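Hi,

Here is the structure I promised to pass on to you. Have a look at it first, and then read on for what I found.

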Amino acid sequence: MAEIPAKTFWQLEVCNACRYCEGYCAVFPALERRRRFTPADVVYLANLCHDCRACFYACMYAPPHEFGVNIPRALAEVRERTYAEYALPRVVAGLARRNAWLLLTVAVASLAFFGLIAAFSPRGLFQAQTGPGAFYTVVPYLAMVLPALLLWLYAIGVMLAGAFAFAKDIGATRTQSGSWRAALAAAGEALGLRYLRGGTGGGCYYPSERTSNTRLVLHMLVFYGFISAFIATIAAAIMQDVFDQLPPYPLLSVPVVLGSVGGAVMIVGATGLLYLKWRSDRAPADAQTLALDWLFLISLDVVSLTGMLLLVLRETPAMGVLLVVHLATVLAL
Ligand code: SF4
Ligand code: SF4
C-alpha cells in the first residue's frame, strides 16, 4: 500500500474535529465516519477527492496558518502514490517522468514501425490514395490492428489489476463491491461529475479562488468526446466486418460524424483544461500530479488533432504521413 505521510493523517484529524467543510463533497461525510484513520481509509478518501479546492479556500487553518492544512494537495499526493503503486510494473518514484519516457519510447517505436511499413507499401508514403481500403494500402489492416489490440489488452489488464488492488487496499468486501445500488449511485455521480459542481453550487474553485463551472464543462467535453470517438470506432468496425464496407467512409456516415464531433470537442476540452492548469493556483496543487495531468492532456490533444487532420486531408498526398503519425500517437496514449 502507498506510504502516507504522518502529516496527512494529522490534517484529516483536524478536519474531523473542525467539520466546517462537511457539505462540500463526499470526502468529508466519509471521513466523519472514523475517529482515527488507517492508511486504507486515507487511500479511499484520496480517491474520492475531485480537487475542487473548495476546502482549501474556505479553510481557516490553510497556509499561512501554522497548521498549514492543505487537503487538496495532501490527497493529490496520496492519489499519485496509488497510481504509481497500481502501475504494472510498479513504479517506486517519479511516475510522471516514467510515463513521459514510456510515452516517448512507444511513440518513436510506433513511428518507426508504421513509417517503415508505409514507406515500403506498393504506392509509397507520399501518394494520394482514395476509394475503399485507401488507408490499408498505406498500412495493412493487420499491422494496424494487432499492435493496438495487444496494447489495449495490456491497458485493460493494468486497469483491472489496479481496480482489484484498490479494492483490496481499502478493504472492500465482496458484498460491498457487488452492491448494484451503490455501483449505480457511484456511476451516476461519476458520469454527471457531481463533485466538480462545487460544494457551494457555483462550480469548483479553479483556476483561482473564484467559483466557475468552466472546469466541469471542459471535463464533460473531454469525457463525452472520447465516448463519441470510441462509438465511432465500433461503428467503423461494424461497417467493415459486418457490411463489408472498407474505410474511408463518407462525411455523413455514422463513424465520420461521431468521430468528428468527438475529436473536435476533445480538442476544445483538452486545450481548455491545459489553459486552466497553466493559470491555476499552485498552492493547493501537487507537482507530481500536475505533471501527470499535463502529460495526459497534451497526448490527448495530439491524438485528437492528428485524427482531425487525417479526416480533413485524407484525399491528399499528406494522408500517408498523417495516418502514420496518428496511429503512433494513438498507440503511445
Ligand atoms: S479543510 Fe479546514 S475548514 Fe475544512 S474541515 Fe478541514 S480544517 Fe476545517
Ligand atoms: S478539494 Fe474539493 S473534492 Fe477535494 S476534499 Fe476538498 S472540497 Fe472535497
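Let me begin with ligand 2: by class, its shell comprises nine nonpolar residues, one polar residue and two charged ones. Please keep in mind throughout that this is a predicted model. The residues around ligand 2 are Tyr24, Cys25, Val27, Phe28, Cys49, His50, Asp51, Cys52, Arg53, Cys55, Ile71 and Pro72. Two elements, α2 (27-31) and α5 (71-86), each give two or more residues to that shell.

Besides being listed around ligand 2, Asp51 has a positive phi, near 60°, although the residue is not a glycine. You will find Asp51 in the loop between α3 (39-46) and α4 (54-58).

Now to ligand 1. Val14, Cys15, Cys18, Arg19, Tyr20, Cys21, Phe28, Cys55, Cys59, Met60 and Tyr61 surround this ligand. Helix α1 (residues 6-18) supplies the largest share of the shell, three residues. Sorted by class, the shell of ligand 1 has ten nonpolar residues, no polar ones and one charged one.

How is the chain divided into domains? The domain assignment gives domain 1 as 6-86 and domain 2 as 95-332. Their C-alpha centres lie 30 Å apart. Across the boundary, 24 residues of domain 1 are in contact with 28 residues of domain 2.

The crossing of α1 and α5 is left-handed. On the α1 side, the contact is made by Thr8, Gln11, Leu12 and Cys15, and on the α5 side by Ile71, Ala74 and Val78. Those contact residues divide into five nonpolar, two polar and no charged.

Met144, Pro147, Ala148 and Leu151 in α8 meet Leu323, Leu327 and Leu331 in α14. By class, the contact of α8 with α14 has seven nonpolar residues, no polar ones and no charged ones.

Finally, where do the cis peptide bonds at Pro207 and Pro248 sit? The bond from Tyr206 to Pro207 is cis, with omega near 10°, and Pro207 lies in the loop between α10 (180-191) and α11 (214-241). The other cis bond joins Pro247 and Pro248, with omega about 5°. Pro248 is in the loop between α11 and α12 (254-279).

That is the tour. Do write back with any thoughts once you have had a chance to look.

Best wishes

Conventions:
Residues are numbered from 1 along each chain as its sequence is written. Chains are lettered from A and ligands numbered from 1 in the order in which they are written. This is a predicted model: local features need pLDDT of at least 70, side-chain atom pairs count only at pLDDT 80 or more; totals for chains, interfaces and linings use all residues. Side-chain values use heavy atoms; hydrogens and water are left out. Contact means heavy atoms within 4.5 Å. Helices (H or I, at least four residues) and strands (E, at least two) are DSSP runs, numbered from the N terminus. Ala, Val, Leu, Ile, Met, Phe, Trp, Tyr, Cys and Pro count as nonpolar, Asp, Glu, Lys and Arg as charged, and the others, Gly among them, as polar. A residue is near a molecule or strand if one of its heavy atoms lies within 4 Å of it. Domain bounds come from an automatic or database domain assignment. A crossing is left-handed if the near helix is turned anticlockwise from the far one by less than a right angle, and right-handed if clockwise.
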